[in-house]
Amino acid sequence: MACNTLENLFLDHAMLVRNDVVKSIEDSDFYIKQLPKEPWLDGNGYQYSYPIYERSIVTKAVTDSDFFVDMATLNTTPTSDNNLPDTGACSLTGHNIDSFGITTRTVSLKKAAINSPDICLDDLKFQWQVMDQIKNVTRVMAENSKWVWSNTYQTEYLKAAGNCVTAGVAGIASSFVAGTPPTSELTFGLLEEIHQELGFNGGSIKPSARVEDGTPVYTAVGSTYTFNRLKRQSSNGRNDFLYAFEGQGPVTGSMLGAPTLGGKVYHGYKFAAIQFPPRYDIETGAYVRKYPYSSSNATRGKKWDVAAAYKNAQYEDTAVYHDDVLRVLIPKPGTAMGGMSYQQQFSWAGEFVWRNIPDRNCNIDGNIGFFRALFAYGVKLERPDLGFVVRALRCDIALDFTACS
C-alpha cells in the first residue's frame, strides 16, 4: 500500500480514535464521569474574570416573632378622602436583603499534549495492518487519557475544596499542616461532622440524593478498601448486611450476597471508589504526594508498575463531593486534519490528530508518524465552601487468615 494512502488513512482515523477513546473512558472513573463540564467561552483568550455571588440572607431574623405580619391586626379603617384603608397588604413593609456579596475570580486555560509511540509506515503493507495498528494506538491513548484526566480532575477538585479535615485533629482548616498529621483512620463520626457542616454551608439544597426522610446524601470518593474498613466498624452496618434479605421471601445462599447492597447509603453517604486516591508521606517536615507508577527496564523500552512507595504510604485523602464546587471548561475543537470536523460542541477528552514531521536526521523520508492528543481545560471555581477533603491514616488491609479447625 502506498505511503500516501497510508497517510490518508491515519489522517481520516484521527477523529475515530478520539471517539473510541471517549467511549472507553467516559464511565471508567468517578471524576471523569461526574465533574460538570461546559464549553470555554469563545473570544476570551486564555484567561478571563467572572463574578461569584456569595450567600445573601435577609437582614431580619426569620425566627423573630414579628417577621410575619398578622393581617388581621392591620388598620383597615377607611380614610375620609378616598374610602381606602390606611394600611393593608399593599403597604406591607418588606424585609431587606443586603446587596449581593460578589467575589471576582479568574479562570485560566491549561494545555498539555501526549504523543503515541512512533508508527513506521514502511512496516504496514495492508489495510488490516493499519486497522490493527489503530486498535493498538486507541488502547494506549485511552489508557493514558484516562490517567491524565482522572488524575487531573481529582487534583483540581482537591485543590478547589475549601475545607481540609485532618483525622484525629480537631477543627476544619483551609490547608493541611504536616506538623499536625492524622492520628486516626477515616470514621463515620468524622463524616457525620462534615455532613453537618455541608448542611450549614447550604450544600443540602442540591445534594447527591435524598433518603425517604429528606436527609441529604453526599458522595465520599476514595479507596474501596478504606470504605470497606469503615463499614465494618459500624454494628448497624453489619446488621444491614445480615438482614439484607428480610421481607423478600425464601432465600438460598449467603446473606452477604444480597443484590440490594449496591449503592447503599450509610450515615448520609454513598461511596464511590477510584483507582488511585492521593497518598502521602511526610518528608523533611512536609507532605509529599506519592506517584502511583514507577518504571523499570523491559527487554525493549520500559514497563510501568504500581510503585511500592504508593502502596506503603502512610496517609490517604478522601473527598466529599458536591457538584457545585467547580465547573470544568473545555475549549471547542477546531477542524481536524484531513478536513474532518467534530460534531460535538466541545470534546472534553481532547483532540486527536495524526502527525508526520519530516526531519533531516530522524525522519528524512517522512515515513514515521504518530498520533498526538491535545488536552486543554480551565477550572471555574463556584462554591469552594462546599468541598471537603479528609486526610487520614491509611491502614493495611486485614487479610483475616483462619487456621483449619
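**Overview and local details**

Modeller: The protein has seven helices and 19 strands, taken as DSSP runs (H or I of at least four residues for helices, E of at least two for strands) and numbered from the N terminus. This is a predicted model, so local features need pLDDT of at least 70 and side-chain atom pairs pLDDT 80 or more, while totals for chains, interfaces and linings use all residues. Residues are numbered from 1 along each chain as its sequence is written, and side-chain values use heavy atoms, with hydrogens and water left out.

Colleague: What share of the residues is buried?

Modeller: Of the 405 residues, 38% are buried, meaning under 20% relative accessible area with a 1.4 Å probe and protein chains only; exposed is over 50%, and partly exposed is in between.

Colleague: And how much accessible surface is there?

Modeller: About 23,200 Å², with 51% of that belonging to carbon and sulfur atoms. The areas come from Shrake-Rupley with a 1.4 Å probe, and for residues only the protein chains shown count as cover.

Colleague: Switching to helix α5: which residues are buried there?

Modeller: T226, F227, L230 and K231, in a helix that runs over residues 224–233. They sit on the same side of α5, because they cover an arc of only 135° around the axis, going by the directions from the helix axis to the C-beta atoms.

Colleague: What do they pack against?

Modeller: The buried residues of α5 pack against α4 (188–200), β9 (216–222), β10 (269–273) and β15 (315–321). At the start of α5, a side-chain oxygen of S223 comes to within 3.2 Å of the backbone nitrogen of Y225.

Colleague: OK, new topic. Where is T106, and what does T106 touch?

Modeller: T106 is in strand β3, residues 102–108. Beyond its neighbours within four places in sequence, T106 is in contact (heavy atoms within 4.5 Å) with Q47, Y48, S49 and Y50.

Colleague: How far is S49 from T106 in sequence and in space?

Modeller: They are 57 residues apart in sequence but 4.3 Å apart in space, C-alpha to C-alpha. Their side chains are also joined by a polar contact of 3.4 Å; that's a pair of N or O atoms within 3.5 Å, where within protein one must be able to donate a hydrogen and the other to accept it, and residues adjacent in sequence count only if both atoms are side-chain atoms.

Colleague: Is T106 buried, partly exposed or exposed?

Modeller: T106 counts as partly exposed because its relative accessibility is 43%.
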